[in-house]
Amino acid sequence: MQHLIDIMDLSLAEIDELIEKAKDIIANPEKYQEKCRYKKLATLFFEPSTRTRLSFEAAMMELGGNVLGFSDAGSSSAKKGESVADTVAVVGGYADIIAMRHPKEGAPVVAAMHTDVPIINAGDGGHNHPTQTLTDLLTIKMEMGRLDNLTIGLCGDLKFGRTVHSLVAAMSRYTGIKFVLISPEELKLPSYVKESYIKKNNIPYEQTTSLEDVMDKIDILYMTRVQRERFFNEEDYLRLKDSYILDTKKMEKAKDDMIGMHPLPRVNEISVEVDSDKRASYFRQAKYGKYIRMALILKLLEVE
Ligand code: NCD
């Protein structure tokens, strides 16, 4: 495998290997600090990011490599009208591996057709976000000790939330999974995601608009931000943005060993009072993102 465009590009065995590698990196960071010496990672971010870009950069630095790139399409030649294909064809001559985020669905596929260096999809529009999913899988494994026999509640913007789409795909391959889909009518999981992963694999699921009603049966609660930048009008966003707010009162109904996840950034959907609850795992989750990206860079660069 050379590129990572979709989480389904990875087999379960490969995901397992990445998780094990990330765990080894956490336990023995010094073993890895020279692994990518003289290698360069380019981060081409045509859309805003904090965690994804910085964790990729930190990951490459901790492997002893270097980073270059841009964090804003406005500061790249995209502003002058350059195509993704041309940008990537050029950057492929400067770097050994490219992590790219783009507002258009499918942009990383186009990128992968125009370079020989590995392309990592760091989020394409409202479509996919495979490295966030690797982060999520490592988090679940570290916090719950397993990736099977879990009831996963996905809450918020299931329509535009690309992290949700990739996570549903990934989890649909494990056994004993149930999904609880919590969203307003307008922000339901797209039917292509439901058909391709949930229905196709006969995975039990329920859809609801009420978070309170399902709190007590969930093992993992995955909260998401309403994706303002993907809305066609601001009025709809304002009406829907505060549909769900996870607070301590709702947490009282949750299982003692539930974990609360969020890809971040959070807006209002989790009250800050929840942060001190030991079940709130979103900041630990963000940290795991660096380690799994280190493991991924090693794999794609074929560094042992
Ligand atoms: C997510 C994204 O960009 O899709 N953020 C991230 O990568 N951690 C979620 C979001 O922006 O809401």
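**Note on the predicted model: strands, salt bridges and surface**

1. Strand β3 (residues 97-102) runs parallel to β4, and four bridges pair the two. Pairing here requires at least two DSSP bridges between the strands; helices (H or I, at least four residues) and strands (E, at least two) are DSSP runs, numbered from the N terminus. Between β3 and β4 the chain passes through helix α4 (residues 107-112), a right-handed β-α-β crossover. Right-handed means that, with the strands pointing away from the viewer, the path from the first strand over the helix to the second runs clockwise. Within the pair, I98 stands opposite I119 of β4.

2. This is a predicted model: local features need pLDDT of at least 70 and side-chain atom pairs pLDDT 80 or more, while totals for chains, interfaces and linings use all residues. Residues are numbered from 1 along each chain as its sequence is written, and side-chain values use heavy atoms, with hydrogens and water left out.

3. Strand β4 (residues 119-124) is mostly covered, with six of its six residues buried. Buried means under 20% relative accessible area, exposed over 50%, and partly exposed in between (1.4 Å probe, protein chains only).

4. The structure holds 20 salt bridges, each a side-chain nitrogen of Lys or Arg within 4 Å of a carboxyl oxygen of Asp or Glu. One of them joins K299 to E14, with the closest N and O atoms 3.2 Å apart. K299 sits in helix α10 (residues 282-300) and E14 in helix α1 (residues 12-27), 285 residues apart. K299 is partly exposed at 23% relative accessible area, whereas E14 is buried at 17%.

5. K255 and D219 form another salt bridge, at 2.9 Å between the closest N and O atoms. K255 lies in the loop between α9 (248-252) and β9 (259-261) and D219 in the loop between β7 (205-208) and β8, so the pair ties together parts 36 residues apart in sequence. D219 is buried, with 8% relative accessibility; K255 is partly exposed, with 29%.

6. R279 and D277 also meet through their side chains in a salt bridge (2.8 Å, N to O). Both R279 and D277 are buried. Salt bridges with shared partners join E47, R162 and R230 into one network.

7. Q227, in the loop between β8 (220-223) and α8 (234-240), counts as buried because its relative accessibility is 9%. Leaving aside neighbours within four places in sequence, Q227 is in contact (heavy atoms within 4.5 Å) with D157, F160 and G161.
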